[in-house]
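Here is a short briefing on one protein chain. Look at the structure first, then read the points below.

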Amino acid sequence: MADVTYRPRPLLRTLLGEVLRRRRLEQERTLAEVARDACVSVQYLSEVERGRKEASSEIVAAVCDSLGIGLADLLAEVGRDLTAHRAPVLRLETARLRRAAPAPRGSRSGDVVLLAA
């Protein structure tokens, strides 16, 4: 068996904040600019981006408007990030050790192993 570990499930507020921050930084905008446009405090927006606060749907909509992104696009990106967090993690050290070990009986040289990311 492969040494596979699963990451703990991330919180929705954490992923939402990461996406909002990533989008803001892509636009090279400051927290103050986006907060002003969204009519929220800089401190509150910072806490939302860091996943420390659960933003209401009204706040999320205001921040999306400030960033010029649709709510559907935001949620799709959060969904993609969530899927990436669910992927199992294979420890390479264990895989290398197994590769160095003699092949199990019945396996052939050239067998293909699929690693999905």
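Buried means under 20% relative accessible area, exposed means over 50%, and partly exposed lies in between (1.4 Å probe, protein chains only). Ser66 has 10% relative accessibility, so Ser66 counts as buried. This is a predicted model: local features need pLDDT of at least 70, side-chain atom pairs count only at pLDDT 80 or more, and totals for chains, interfaces and linings use all residues. Residues are numbered from 1 along each chain as its sequence is written, and side-chain values use heavy atoms, with hydrogens and water left out.

**The chain as a whole**

- The chain has six helices and two strands. Helices (H or I, at least four residues) and strands (E, at least two) are DSSP runs, numbered from the N terminus.
- Read from the N terminus, the order of elements is β-α-α-α-α-α-β-α.
- The chain has 117 residues, and 25% of them are buried.
- Take the contacts (heavy atoms within 4.5 Å) with a separation of 6 or more: 72% of them join residues 24 or more positions apart.

**Ser66**

- Ser66 sits in helix 4, which covers residues 57-67.
- Leaving out residues up to four places away in sequence, Ser66 touches Arg29, Glu33, Val34, Asp37 and Ala38.

**Helix 1**

- Helix 1 covers residues 12-26, which is 15 residues.
- From first C-alpha to last, helix 1 reaches 21 Å, close to the 21 Å expected at 1.5 Å a residue. The expected span is 1.5 Å times one less than the number of residues.
- Its buried residues are Leu15, Leu16, Gly17, Val19, Leu20, Arg23 and Arg24.
- Glu28 follows helix 1 and has a positive phi, near 55 degrees.

**Helix 1 against helix 4**

- The two helices pack at an angle of about 20 degrees, and their axes are 10 Å apart. Axes are lines fitted to C-alpha atoms, for helices over the stretch in contact, and angles run from 0 to 180 degrees between N-to-C directions.
- Helix 1 and helix 4 are therefore roughly parallel (under 35 degrees; over 145 is roughly antiparallel, 65 to 115 roughly perpendicular, the rest oblique).
- Leu16, Leu20, Arg23 and Arg24 of helix 1 meet Val60, Val63 and Leu67 of helix 4.

**Cysteines**

- A disulfide is a covalent bond between the sulfur atoms of two cysteines. The cut-off here is a pair of cysteine sulfur atoms within 2.5 Å.
- The structure has zero disulfides.
- Cys39 is exposed because its relative accessibility is 72%.
- Cys64 is buried, with a relative accessible area of 2%.
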